[in-house]
Amino acid sequence: MDVLVCLKRVPLAGGTLMLTPDSRDIETKHLGFGISPHEENAVEAGVQLVEQMGGTLTLLTLGPSDAEEQLRSQLAIGATRAVLIETDGQEWDPQGTAAALVDAINGEETKFDLIIFGAESADSAGYQIHIRVAHALNLPVITNVKSMKIENGVAHCERVVPNGREHYEAPLPAIVTVRDGLNIPRYPSVPGRMQARKKTVDMKKAETRIPKLEKVTLALAPSKDKGAQILGKGAEAVPALVDVLKQIGAIA
Amino acid sequence: MNKLPTKAQCVVIGAGIVGNGMVYHLAKLGWKNIVQIDKGPLPNPGGSTGHASNFIFPVDHSKEMTAITAESMRQYKEWGTFTQTGGIEVARTPERMQELARRITSAKSWGIDGGQILNPAQVKELVPYIDESVILGGYYQPSVGVVDSLQTGSLMREKAIEMGAAESFANVEVLDITVVNGCVTGVVTDQGSIESNYVVIATGCWSPKLAAMAGAHIPLTPAVHQMKDIGPVPFFKDTKGDIEWPIVRDMDVFMYERQHGTGLEIGSYAHRPILYSPEDLPSNATAALSPTEFAFTQADFDIQDEHAFELMPSIVGDENVREKYAINGILSYTPDGMPILGETPEVKGLWSVAAVWIKEGPGTAKSVAQWMVLGDSEIDLHSSNIARFHEHQKSQFHIKARVDESFNKTYGIVHPSEQYASNRNVRLSPFYEVEKELGAVFYETAGWERPFWYESNKDLVTKFGEKVMPRTAEWESRWWSPIINAEHLQMRESAGIVDLSAFAIFDVTGPAALAVVQKAALRQMDVAIGRVVYTPILGPNGGFKSDLTIMRLDSNHFRVVTGGAHGMADKKWFSDLLPEDGSAQIFDLTSSFTTIGIWGPKAREIIQAITNTDMSKEAFKFSTCKIIEIGSLRVLASRISYVGDLGWEFYIPIEQGAKLWQMLWDSGKNHAMIPVGIGVYGTTGRLEKCYRAYGPELETEYTVVEAGMQSPKLKETDFIGKAAHVKHRSEKPITMLCTLFVDDHTSSTGEKRYMLGSEPILSADLQPIVDAHGRRSYVTSAGSAPSLGKHILMSYLPTELAVAGNRFIVEYLGEHYPCSVAEVGATPVFDASNDRILA
Amino acid sequence: MILVLVDHDRGEIDPLSLRALTAARKIDQSIEAVVIGSQAECLAGIVGQYGATTLHVATHAAITDYTPMASGRALKELVEKLKPAAVLAAGSPRGNEQLAHLAAFLDIPMAAECSEITLGSPHHVLRARWGGNLIESANVHAQLLVATIVSFSVEPESVSGAAAKVVAFEPALQPEDFVVKILQRDSGETSGGITLIDAKVIVSGGRGVGGPAGFGNLEELATLLGGAVGCSRVVTSSGWRPHAEQVGQTGTKVAPDLYIAAGISGAMQHIAGMKNSKTIVVINTDPEAPILRYADYAIIGDLHQVIPALTSAIRQAKG
């Protein structure tokens, strides 16, 4: 079975974000990069499927050439090869991104049985690229999946909703977006790193499109610093907390 | 939390291992009202202490570094935060095996015992997960261990608080350091100002930023050290606690591996140098991990993965052993690799304790605290003195260039004479071009390019044949040439001209000038105008702070001449003695004057031929100076010698230097005068005459009496260190500086080997020689004495053993060579009666 | 006119949709609602209460449950008929998904998780990114604005409106709209019978709890307060607790009346999931832990001592 996982290079931020002087991007000079948490689960799912059923796992990303670093890291945990659609480093809007991904997928010799996305990107969370790709490729799409089994050409998926689990299925080929909790993603081993250096990363170019969802600026969300009232140290402070809980009605 | 005080005896900025150590040791030495602040939270404010690998190899070729490390280990043990694990440095190449032997030798010199060379099978026995087929052997040091630096820091800080001597405040950011009339007056923080006459910068890689607030310089750069933690390792699954297995340093690939719980930590100094600016470091809030832990850049570690795989395939090659944690950790690097300690030369009361690693932290803190409170430290810190930097060495360009060059030498094999290649040709003498044409091979000191020898003298090697003591072994031929010894012999026959432009020169003038130089100098400075006095400069405990020459040019005018390398520290020493009322001043004339020396039996004839001044023995006495005319040039000539022959130093304004050189050169032609490099001036000429040098022989730990330099009569006027010196004079010295000859140079392979310095002197049964103060005997300086056909070693020996003819063993690169005492004390082994100098 | 997709689970309204209605009303007085599925006529009363004059009900024999692609196609048909200025929905997984299908069908942009909307040419929105830590100001170049409303950006406000007029329509759907559908449901993954999202009180533990055993005390406290147990990402990735209990950007976003964070330092992704809680109490040994910046009250101390003491004190207080 041939699986494709779509990834996005995102900064690994600390406790507080900083913006660039023009307020158009996150200041990343102090930050490293990784992929979105849900995407780690996507790659892990792909690796496990290929381990169980054979076939190939291809990674696809759209981003700056530096995104090769993220692709190599994921190749190190067991993906077969990767494709990087190189941008000028600017963020692309969801429609443009989806169109470029679709072009790249159509340009592949492999016809993928399963395309996996993370449920949302850490930085932008537009909730739509997977659906746009599904429409363009005329494939069924199941989102927010936290449990997945592939049997006899059918994807059996569960998503968690506030009051339980919903079971879905779709015949392959299909698109699935997965959430953290689907599995426990593995980290690379040194031999994995060494193999990853020899794997292929195909570089592609894509035409820049005029964004329809056009980012103007970014701003930090208003600080929620409430200036916590320190009730005291250790168990001695418990009576004070009990008073607070009474006040707010948590204890009748 | 308590409110930030508005006044303090001392403000310590930083709460890493160094800042905490400073607070504790200052409190222990009796200071009160110490206020410690850090912009980060406690106990881990986010500096380099927080991500350190925390292991200590107590071995270094530097005596100073080893002493500080040993003292730090002692303290860690005292706090109960040291775990001894043993450590092995493995070698993959024959060059490294030789280097490991040299490291054991250095360790022995500095009092670190127990090191042994192991064969691959023995290494495997200690570290079963090594593939012994990739190594040639290893150096096992049982005393290696791991410390908990964060806990140690907390314990020290809490102790100081408990003593009632200190308060500590986290999350306080320094916005400014205030200075009035060159003296620090306090710090301004985001939570108020604190007045204080002492401010200690213990902020690691942020130090330059804080120093700049006060207009001072701490020339270091933050640089990345990569670390990767992999696991869980099945082999380690039953290990208890943090560490049980020896730490392994894979020296040839600049890496280390240490077991850490069930994981293996792999660290590297092999990757490309990745330098930051202190301004580039993020705050605790914006950092992903901490301000000094940047995201790991795998591409820089690809080769290291392979090297680790080679050495420990059973662990690193295990597909199921995965990366748990990997960082680009920030460490502080300096342009010369040494820490930056002491009061800044720019601002009084502002102290730097920077570029100090975990292995040095507590020892450095204790030493700097002693320096602050008592005026001097027990351990000699001259190589780390912040005052050592010349202006160009404080530049960003220089710092980056040198760290870029030296980063990968962290585990490298560095020859003691190795020269930097980057940022050269910064200071050029007026004769530089002429020297280049003469085939000068330039070494650098204090930014100056100095000829070490001249290829144009190559024919002299043939002339003197075996007398040049040719070397065949690569190690001691590196950064050396037989031409040096040939130049020496020719100078002794006729004369040599030496470029001494690198001298640091400063004039002390004014009504209080005499008082200033008297205060600094051991020797009598109230001498006749025109006298030249060579004098040790002592610290408060009677140890050496420098040795230099002072000329009395007028009743209120003294010229201090000292070596370039130590010149800036000397300048600060004298500057600190200037009275507050302005009755004496110091002028740095280093860049105003150039100096040329001419020595040799023909020196007088060469000079007399071009001057009308009477240069005769009677008219121009030794140890005097006067202005002479050479052509149209008025030259300050000073009759002294550091090479043991008749001759003069000539001081001339720098723009007239070339002219003077030309006239001396032309006159010298008639007397077979040759250009002579610093190889002769600094080593062979000096050693034959048993002249001591500051650093190797003269340092804080030894006294004037032990160095054999006490004058018959004690100066009445007070001077720094006098009380201690008087005491030393009244006691029988427990050690004496001796000159030894190597009796047999033949190695086990039949090759003649020549020591380079720092080797241990051992008893006949190969035991270290230790004096009553616990000081080991080691070679302070080594070099050829071509006139005698001998290889000279200088060493302090316990007085009872310091007897001419006594035989010892010197250990060199793991082998043993017999040597014997030629002279005890300062009597020269060549021309003992000084007839040549006084001719 | 603004059209608001009101989401429901077999007739039970998603409360977030009421916020979407409220948000829509702030942009335009004229709002209409749409529900997908035949069990939804009963919602006319409540959508009217929240300002919608008309409730369009898409009915189709094949729509028996949640079928997002069918929702998208039904919306497309309705939009083409009604020509609203904007289509809004709650920024919930379902709201985002259904509007994304609509946007994909129309090949127009969609702005997810908006906190502010100004209609115009172009439209302008403020939308939440980085789990709400960043606000993006963006222009949307399309005649029709498709946008979802970020949870918690607006409190539901009712107007005393009459029940909305129900207008049913049967969209022309395609077989492919029903390739993906819910086959089965089961309940589960809840804590003590209360789901995280519904809990009024959450007692949450992080790395400081030290291991799975340490959560016993937290469970006891949660039960006593009638709440649920939550945890940080490190806890689920260490396998100490089930993933369903993870609070944060990659887990569940919650806004209970009381959130007690014990031994949680406060990584950005955790904060993103709990900062909208009404009262936040932190128990932590580190007075500098980032989570304190979001707390109302804090006890500096070891949770292993504080939590049991708190539990017994509450027991006493309750008599």
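Strands pair if DSSP finds at least two bridges between them. I take strands (E, at least two residues) and helices (H or I, at least four residues) as DSSP runs, numbered from the N terminus.

I note that the model is predicted: local features need pLDDT of at least 70, side-chain atom pairs count only at pLDDT 80 or more, and totals for chains, interfaces and linings use all residues. Residues are numbered from 1 along each chain as its sequence is written, while chains are lettered from A and ligands numbered from 1 in the order in which they are written.

Entry: sheet in chain B. I looked up Phe506(B) and found it opposite Asp588(B) in β29(B). Strand β25(B), residues 504-509, pairs with β29(B) in the antiparallel sense over 4 bridges. I then traced the open sheet, an antiparallel set of 5 strands in the order β26-β27-β28-β25-β29 of chain B.

Entry: I checked helix α16(B), residues 564-575, which lies across β25, β26, β27, β28 and β29 of chain B and runs at about 15° to β25(B). Contact here is C-beta atoms, placed from the backbone, within 7 Å; angles run from 0 to 180 degrees between N-to-C directions of axes fitted to C-alpha atoms, for helices over the stretch in contact.

Entry: chains A and C. I counted 65 residues from chain A and 78 residues from chain C in the contact. On the side of chain A that touches chain C, β12(A) gives the largest share, 8 residues. I also see β12(A) joined antiparallel to β9(C), residues 134-140, by 7 bridges. Within that pairing, Glu214(A) has Asn139(C) as its bridge partner.

Key:
Contact = placed C-beta atoms within 7 Å.
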